[in-house]
Amino acid sequence: MKAGALALGAAALTLGLALVSQAREQKVEGLKPVSAFAGIADPAARSVAIFTEMGKVIQHPRCVNCHPRTDRPLQGDAMQPHNPPVSRGPQDRGMAGLECGTCHGPRNVAFANGTGSVPGHPEWHVAPIAMAWEGKTLGQICAQIKDRKRNGGKSLDQIIEHNAHDSLVGWGWNPGPGRTPVPGTQAEFGELTRAWVASGAKCPTG
């Protein structure tokens with residue numbers, strides 16, 4: 001009886017420690033709230049700090065894989081070249097006969113064996129080459145995001161809306177089985193974007 005109680009207590013302790021460890025891991029993988037930057041008095045420094053936090057999403061494989069520097073997208077957490085080999089095509093949706101929609105449907109489809117999934121979204125496509133992020137520093141990506149000649153003609157207000165509500169951006173938080181989602185939530189990312197713009201939309205150096 002006593003041995004059973006001790007075993008149960010040990011199991012409970014182990015479970016408790018596991019849950020604490022998991023909570024810590026989730027905390028590390030999250031995004032800091034806008035309030036975390038309120039103590040930075042200088043607006044420019046605060047703006048840079050906020051964008052650096054946004055970089056946890058922007059430079060994550062879920063985003064960079066679809067912003068390649070070549071015509072071939074990347075895949076997986078290791079950001080390997082897409083297999084099978086594909087090319088962006090004239091409309092950034094693949095070449096005739098092998099468009100993105102050939103394999104990528106309107107939603108994620110889990111593998112039957114449970115080992116992963118084929119990602120999907122109604123607007124699945126690779127970002128235009130002018131929006132390539134692969135191999136660039138966060139500062140370079142920041143300047144690119146602000147440049148209407150390289151960001152699809154978006155104003156800063158439109159970038160806020162894009163980051164906060166665009167469903168293809170939102171896929172990064174719901175990438176399907178077998179993929180690590182980007183940190184935090186899309187709502188948090190949108191609020192960080194809003195605060196970054198409000199503080200002057202400054203970019204990190206380098």
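Proline 183 is buried in this predicted model, with a relative accessible area of 12%. The residue is found in the loop between helix H6 (167-170) and H7. Apart from residues up to four places away in sequence, proline 183 touches Glu29, Gly30, Leu31, Lys56, Val57, His60 and Trp173.

The protein chain as a whole holds 7 helices and 6 strands. Read from the N terminus on, its elements follow the order α-α-α-β-β-β-β-β-β-α-α-α-α. Of the 206 residues in the protein chain, 34% are buried. Among contacts between residues at least 6 apart in sequence, 57% join residues at least 24 apart.

Helix H7 takes part in two helix pairs described here, one with H2 and one with H5. Two packed helices are described by the angle between their axes and the distance between the axes. For helix H2 (residues 43-58) and helix H7 (residues 186-198), the axes come within 9 Å and cross at roughly 150°. An angle over 145 degrees counts as roughly antiparallel, and H2 and H7 are therefore roughly antiparallel to each other. The crossing in which H2 passes H7 is left-handed. On the H2 side the contact is made by Ser47, Ile50, Phe51, Glu53, Met54, Val57 and Ile58, and on the H7 side by Phe189, Leu192, Thr193, Ala195 and Trp196. By residue class, this contact of H2 with H7 comprises 9 nonpolar, 2 polar and 1 charged. Val57 of H2, which belongs to this contact, is also among the residues touched by proline 183.

In the second pair, helix H5 (residues 156-165) packs with H7 at an angle of about 165°, their axes being 7 Å apart. H5 is thus roughly antiparallel to H7. The crossing of H5 and H7 is right-handed. H5 contributes Leu156, Ile159, Ile160, His162, Asn163, Ala164 and His165 to the contact, while H7 contributes Gln186, Phe189, Gly190, Thr193, Arg194, Trp196 and Val197. The residues of the contact of H5 with H7 divide into 7 nonpolar, 6 polar and 1 charged. Phe189, Thr193 and Trp196 of H7 are listed both in the contact with H2 and in the contact with H5.

The segment after H7 includes alanine 201. Alanine 201 has a positive phi of about 50° although it is not a glycine. With a relative accessibility of 1%, alanine 201 counts as buried.

Several loop residues were also examined. Asparagine 65 has its place in the loop between helix H3 (61-64) and strand E1 (74-75). This asparagine is buried, its relative accessible area being 5%. A polar atom of the side chain of asparagine 65 lies 3.1 Å from the backbone oxygen of glycine 76. When residues up to four places away in sequence are not counted, asparagine 65 touches Pro73, Leu74, Gln75, Gly76 and Met79.

Alanine 127 is found in the loop between strand E6 (117-118) and helix H4 (138-146). Alanine 127 is buried, with a relative accessible area of 8%. Alanine 127 and asparagine 65 are 62 residues apart in sequence, and their C-alpha atoms are 9.4 Å apart in space. Beyond its neighbours within four places in sequence, alanine 127 is in contact with Cys66, His67, Arg88 and Asp92.

Aspartate 92, one of the contacts of alanine 127, lies in the loop between E2 and E3. Its relative accessible area is 15%, and aspartate 92 is buried. Aspartate 92 has a positive phi of about 65° although it is not a glycine. Proline 84 is found in the loop between strand E2 (80-81) and strand E3 (94-95). The peptide bond leading from asparagine 83 to proline 84 is cis, with omega near 10°.

Terms used
Residues numbered from 1 in each chain as written. Predicted model: local features only at pLDDT ≥ 70, side-chain atom pairs only at ≥ 80, totals over all residues. Heavy atoms only, no water. Axes fitted to C-alpha atoms, helices over the stretch in contact; angles between N-to-C directions. Helix = DSSP H or I, 4+ residues; strand = E, 2+ residues; numbered from the N terminus. Parallel < 35°, antiparallel > 145°, perpendicular 65-115°, else oblique. Left-handed = near helix turned anticlockwise from the far one by under 90°. Contact = heavy atoms within 4.5 Å. Nonpolar A, V, L, I, M, F, W, Y, C, P; charged D, E, K, R; others polar. Buried < 20%, exposed > 50% of the residue type's maximum accessible area, 1.4 Å probe, protein only. Polar contact = N/O pair within 3.5 Å; in protein donor to acceptor, adjacent residues only side chain to side chain.
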